Amino acid sequence: MSGRAEVRATRLRISVVVPAWHERENLAVLLPALSRLDSVAEIIVVDASGDSESERIVLSCGGTLIAAPVPNRGEQMNLGAQAASGDVIVFQHCDTDLDAAHLGSIEAALSDPLTIGGAFYRKFDDRHPRLKWLEWMARFLTRHGGTLYGDQTIFVRREIFLTLGGFAKIPLMEDIEFSRRLRAAGQIAVLDPPVRSSARRHLQKGAWRTSIQNGLFIALYHLGVSPHRLHRWYYRSAESSRERDVILSS
């Protein structure tokens with residue numbers, strides 16, 4: 001047995017599931033780093049873009065690629081979880097950092113058998129340089145029952161995820177819906193070090209515009225607007241922005 005295999009045999013097996021859609025640049029940063037971590041047992045990328053370069057990056061890093069027919073983050077993560085064999089599943093956004101310190105925190109938290117899962121605090125970054133002082137408020141809300149969002153690197157014991165039935169079959173706001181059920185199912189942990197997402201997309205589109213749009217979608221969901229309708233609006237906007245970026249860069 002190799003040294004790497006021996007390490008994995010004595011600790012929690014961590015499966016990292018990454019939903020992707022036109023994410024080749026972020027995958028090229030995230031996956032090589034994950035592949036070097038002994039505590040990562042497997043990397044599963046569920047890609048909805050059909051991008052051959054994304055596939056090449058996944059395979060070159062020893063990951064498993066699953067093709068999804070449409071961009072639907074909840075369904076993509078369910079597909080990845082179905083293929084996962086680890087003791088714990090970490091749901092990781094392509095543009096969010098994840099390193100050995102984060103995985104060590106997960107292992108430490110799950111050494112308590114009562115803890116079923118959780119997420120990380122978020123680190124404010126260059127998207128909102130004037131709002132960094134609000135980081136303490138976000139920590140307070142998360143610590144006291146607030147929503148665990150997808151970009152907080154949600155993790156959960158595999159058997160608990162299966163018992164909960166995975167993410168709801170809705171095309172958007174799946175993290176909000178799952179967070180509610182995860183918190184109700186048992187003890188969760190919100191961890192340090194905080195995770196930080198790339199500011200690139202926010203800076204390209206405009207930090208305030210992106211934040212207002214995200215907040216509006218969340219508010220509409222809580223007001224009862226169908227996630228299916230929100231999904232159409234969101235991906236129509238995302239696709240239009242992506243096409244503009246391609247035109248401007250050509």
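These questions and answers walk through a predicted model of one protein.

Residues are numbered from 1 along each chain as its sequence is written.

Q: How many helices and strands does the protein have?
A: Helices (H or I, at least four residues) and strands (E, at least two) are DSSP runs, numbered from the N terminus. By that count, the protein has eleven helices and seven strands.

Q: What percentage of the residues counts as buried?
A: Buried means under 20% relative accessible area, exposed over 50%, and partly exposed in between, with a 1.4 Å probe and protein chains only. The protein has 250 residues, and the buried share is 48%.

Q: Which residues of helix 6 are buried, and what arc do they cover?
A: Helix 6 spans residues 135-143. Its buried residues are Glu-135, Arg-139 and Thr-142. They sit on the same side of helix 6, because the directions from the helix axis to their C-beta atoms cover an arc of only 70°.

Q: Which elements are included in what covers those buried residues of helix 6?
A: Contact means heavy atoms within 4.5 Å. The cover includes strand 5 (115-122), helix 8 (174-185) and strand 7 (187-195).

Q: With which side chain does the side chain of Arg-139 make a polar contact?
A: A polar contact is a pair of N or O atoms within 3.5 Å; within protein, one must be able to donate a hydrogen and the other to accept it, and residues adjacent in sequence count only if both atoms are side-chain atoms. Leaving aside neighbours within four places in sequence, Arg-139 is in contact with Tyr-121 and Asp-192. The polar contact, at 2.8 Å, is with the side chain of Asp-192.

Q: Which residue does a cis peptide bond join to Asp-192?
A: Most peptide bonds are trans. Here omega is about 0°.

Q: Is His-93 buried or exposed?
A: His-93 is found in the loop between strand 4 (88-91) and helix 5 (100-109). Beyond its neighbours within four places in sequence, its contacts are Leu-30, Arg-73, Gly-150 and Asp-151. Its relative accessibility is 11%, so His-93 counts as buried.

Q: Is His-222 buried or exposed?
A: His-222 lies in helix 10 (residues 207-222). Its relative accessibility is 54%, so His-222 counts as exposed.

Q: What distance separates the C-alpha atoms of His-222 and Met-173?
A: Met-173 is in the loop between helix 7 (158-164) and helix 8. Along the chain, His-222 and Met-173 are 49 residues apart. Their C-alpha atoms are separated by 9.8 Å.

Q: What is the phi of Met-173?
A: Most residues other than glycine have a negative phi. Met-173 is buried, with a relative accessible area of 7%. Its phi is positive, near 65°.

Q: What is the phi of His-22?
A: His-22 is in the loop between strand 1 (14-20) and helix 2 (24-35). With a relative accessible area of 31%, His-22 is partly exposed. Its phi is also a positive value, near 55°.

Technical notes. This is a predicted model: local features need pLDDT of at least 70, side-chain atom pairs count only at pLDDT 80 or more; totals for chains, interfaces and linings use all residues. Side-chain values use heavy atoms; hydrogens and water are left out.
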